Amino acid sequence: MKTVKDVAKLTGVSIRTLRYYDEIGLLKPTELTKTGYRLYDSKALEKLREIMFFRELDIPLTDIKRIMDNPNDDREQVLSAAFFIS
């Protein structure tokens, strides 16, 4: 398990951004300690990597959240649409 500070250092995503992603329900921590520290496992890091990829394509967070919340969405179709929008 990695702390929010570890994840920020590892990925280059700011601590503030990670907290915001938690706030909007885009990337929830795997676990919260009794003292309120956010902890992330490897599955959460994979999800963050996917979010970062979509952000590189300038896909809005609301659309990323919809994509991530619906595992039935065809990622290839989403990526194709992103390239046609750009």
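Predicted model: local features only at pLDDT ≥ 70, side-chain atom pairs only at ≥ 80, totals over all residues.
When I say that residues meet, or are in contact, I mean that they have heavy atoms within 4.5 Å of each other. Residues are numbered from 1 along each chain as its sequence is written, and side-chain values use heavy atoms, with hydrogens and water left out.

Let me begin with two helices, where helices (H or I, at least four residues) and strands (E, at least two) are DSSP runs numbered from the N terminus. Val7, Leu10 and Thr11 of α1 meet Leu45, Leu48 and Met52 of α3, and the residues of this contact comprise five nonpolar, one polar and no charged; here Ala, Val, Leu, Ile, Met, Phe, Trp, Tyr, Cys and Pro count as nonpolar, Asp, Glu, Lys and Arg as charged, and the others, Gly among them, as polar.

Turning to the sheet, three strands form an open arrangement in the order β1-β3-β2, with antiparallel pairing, where two strands pair if DSSP finds at least two bridges between them. β1 (2-3) and β2 (31-32) stand at the edges with a single partner strand each, so one side of each is left without a neighbour in the sheet. β1 and β3 (residues 38-40) pair over two bridges, and Thr3 stands opposite Leu39 in β3.

Finally, Asp58 lies in the loop between α3 and α4 (61-69), and its phi is near 60°, a positive value in a residue other than glycine. Most residues other than glycine have a negative phi.
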